[in-house]
Amino acid sequence: MKKILFLGECMVELRLSTSNALSQSFAGDVYNSAVYLKRAFPNVHTSFVTAIGSDALSNNMQHTVTLEQIETQMMFVHPDKAPGIYLIETDDEGERSFTYWRNDSAAKKVMDFIGEAEQATLEKADMFMFSGISLAVIEENSRDKFWTVLQSLKDAGVQIVFDPNYRPKLWDSPAKAKEQFDKAFALSDIALPGIEDFEVLYDLNSAEQVIKHCLSLGVSEIIVKNGPQSVFSFVDSKQEEHTIISVDNVVDTTSAGDAFNGAYLGSRLNDINIADSIKLGATAAGTVIQHKGAIIPKQNFNHAMTEKMTELNNKRQDNV
Ligand code: AMP
């Protein structure tokens, strides 16, 4: 069984309706990817690496992760920290605004829990995914340790995957974010950037420029997302543009990129070719944006993915 690790922060999500009713769930970029990967590909052993607290919400979070069939052995329990929280408010025009309480979250301490034994466990994985948000969340004084651990995973043959997911508010300065992102690209085998991240941070605004930047740092599999426009891939010296079937009924674009990443990586771990992996990633993203919230109902997601997988399998058989 192939094994993937996702390192990041899962947060408590609070949603305030226009009638002031509060609903609660759990979400976070790499966590969302882990959920969608495992739903689409139950044959991939999926593990989430983070730190949580010992409070009731942390316990519920761990239980929710377990219900998604994701391994929680590396969800470390901090004795006196609690999870980050964010609130989504939607105004009368449907415009959403977010408020975060995450500066002192347990997840910031994740590296404190990685000792020799944990590192040895991490090294047994096939793939390790983290994002620019995972990086920003790790405390500054633990970053050197993070880079050392990442290098050891790479040396052990684990494929490293990075999605920059740039969030300016999480960084002291754009220069600091760039410096850290370039370190991440330099250690990555697969990069999953969105053009938007590069426009804001690097002032690069075409897929070609994004690919060139990643290539210059040694990434071998580069997948560039660009909303409904298209997806570009650069693998084995070959650049290709993949069209996306645009969705008219967009309800909520939260976690579109995360769903894409999960389905794409699950496909690659199942040796599915680049073009079909992108099709499955785009199907996952295109389905998620037709529902409210980061994590959509399992039934709706699984139905769309099964349909697409059957279509791709039939096409492959016709071509044999
Ligand atoms: P983004 O993070 O906006 O680049 O979007 C991530 C992925 O979501 C894209 O690569 C597409 O696969 C998908 N996506 C985003 N917007 C749409 C849309 N309007 N219609 C269909 N797919 C979309």
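I take helices (H or I, at least four residues) and strands (E, at least two) as DSSP runs, numbered from the N terminus. My model is a predicted one, so I keep local features at pLDDT of at least 70 and side-chain atom pairs at pLDDT 80 or more, while totals for chains, interfaces and linings use all residues. Residues are numbered from 1 along each chain as its sequence is written, and side-chain values use heavy atoms, without hydrogens and water.

**Ligand shell**

I looked up which element gives the shell around the ligand its largest share: α9 does, with three residues. I then listed the residues around the ligand (a heavy atom within 4 Å) and found 16, with Gly-227, Pro-228, Val-247, Ala-285 and Ile-289 the closest. A backbone N or O atom of Gly-227 sits 2.7 Å from a ligand oxygen atom. For Val-247, a backbone N or O atom is 2.8 Å from a nitrogen atom of the ligand. The ligand alone exposes 480 Å², and the protein buries 82% of that (Shrake-Rupley method, 1.4 Å probe).

**Aromatic rings**

Next I went through the ring pairs (centres within 6.5 Å; planes under 30 degrees apart are stacked, over 60 edge-to-face, the rest tilted) and the count came to 18. Phe-128 and Phe-130 have ring centres 6.0 Å apart and planes at 45°, so I noted the pair as tilted. Phe-128 is buried at 2% relative accessibility (buried means under 20% relative accessible area, 1.4 Å probe, protein chains only). Phe-130 is buried too, at 0%. Phe-185 and Phe-198 form a tilted pair, because their planes are at 40°, with centres 5.8 Å apart.

Technical notes
A polar contact is a pair of N or O atoms within 3.5 Å; within protein, one must be able to donate a hydrogen and the other to accept it, and residues adjacent in sequence count only if both atoms are side-chain atoms. Buried means under 20% relative accessible area, exposed over 50%, partly exposed in between (1.4 Å probe, protein chains only).
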